[in-house]
Amino acid sequence: MTGGAAAVTSLGSLPLVPAGTTLPPLAYLLGVVFAAAAVTVSFRRRSPAITGMHVLALAPWMALGAAAHVLFVVDGLPALLAPLGGSPTVYLTTATLAGGVWLTASAAIADPKRVPQALAAVGTLGVVAALVAVGAQGVPGAGARWAGLSVAIAVPFALIAWSVLAAVRPAVASIRRVGQLVVFGHALDGISTAVGVTQLGFGERSPLSRIILELGVPSVPVLGEAWLFVLVKLAVSGGVVSLFAPTVREAPREGFLLVAFVAAVGLGPAVHNLLLFSVSA
């Protein structure tokens, strides 16, 4: 890679480190860490409300971080912002921005129920701008079609997985919407990864995921041998939702933050896959 990629240090060759992992120049790194620490401290001191609606409001921000990283990969970020687009820096940067908007909205809006709306609105504006920038890079038809097919396959997979989970563990009904976000995000990540590897020749960056993808199980249409990876993603996400449901009931703040993180590590990579297909496949 050139442009933005040249402004960062690659760590992907280190053992057990996902391919594509980078660090920005020291000044950027210190700035991001300082900003993240400041937002974290302010969050703890001001202790704003955290509900399922807040978790759902963070979904556009998860997509924004993914879109920004795709722009980094295709050298679509301005030079000044490019070092912030590498992974994992982009996700810490996006989380810090989301936290800052959350705190600002909590302080400025009298009705706490309107805070998630403001948080979601700002995140949506950001992700729309990022998607426009991604689209400006060009969208090959084949990649966009496979991205759309990935979404179409993921929806019924997620619905079936959630129905099974709700039947086996009725307690998850207490966090239904955020639980569904988690399951859908990981279903979409699994499906899009399988499609990317099987149909488009993409590689998987995570060492553990590569092990699952290379087990040599029988192949199926569209998903190839990667169908096992999809099942693992669904099982793990369902298990985590089941595990965290009691925590959300007993300690909502901590529980919802944990669920938000789990949702982000599914939905973020999924959106990244779809957008990368669309601009580079």
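W102 is buried, at a relative accessible area of 4%; buried means under 20%, exposed over 50% and partly exposed in between, with a 1.4 Å probe and protein chains only. This is a predicted model, where local features need pLDDT of at least 70, side-chain atom pairs count only at pLDDT 80 or more, and totals for chains, interfaces and linings use all residues. Residues are numbered from 1 along each chain as its sequence is written, and side-chain values use heavy atoms, leaving out hydrogens and water.

Searching the whole structure turns up two aromatic pairs (ring centres of Phe, Tyr or the six-membered ring of Trp within 6.5 Å; planes under 30 degrees apart are stacked, over 60 edge-to-face, the rest tilted). F43 and W102 have ring centres 5.0 Å apart and planes at 85 degrees, so they sit edge-to-face. That pair links F43 in helix α1 with W102 in helix α4, 59 residues apart. F43 is buried too, at 12%.

The rings of F202 and F277 make a tilted pair, 5.2 Å centre to centre with 45 degrees between the planes. F202 is in the loop between α7 and α8 and F277 in helix α10, so the pair ties together parts 75 residues apart in sequence. F202 is partly exposed at 24%, whereas F277 is buried at 3%.

## Helix α3

Now for a helix (a DSSP run of H or I, at least four residues, numbered from the N terminus). In α3, 14 of the 15 residues are buried, so the rest of the structure largely encloses it. After α3 comes D75, with a positive phi near 60 degrees.

How values were computed. Helices (H or I, at least four residues) and strands (E, at least two) are DSSP runs, numbered from the N terminus.
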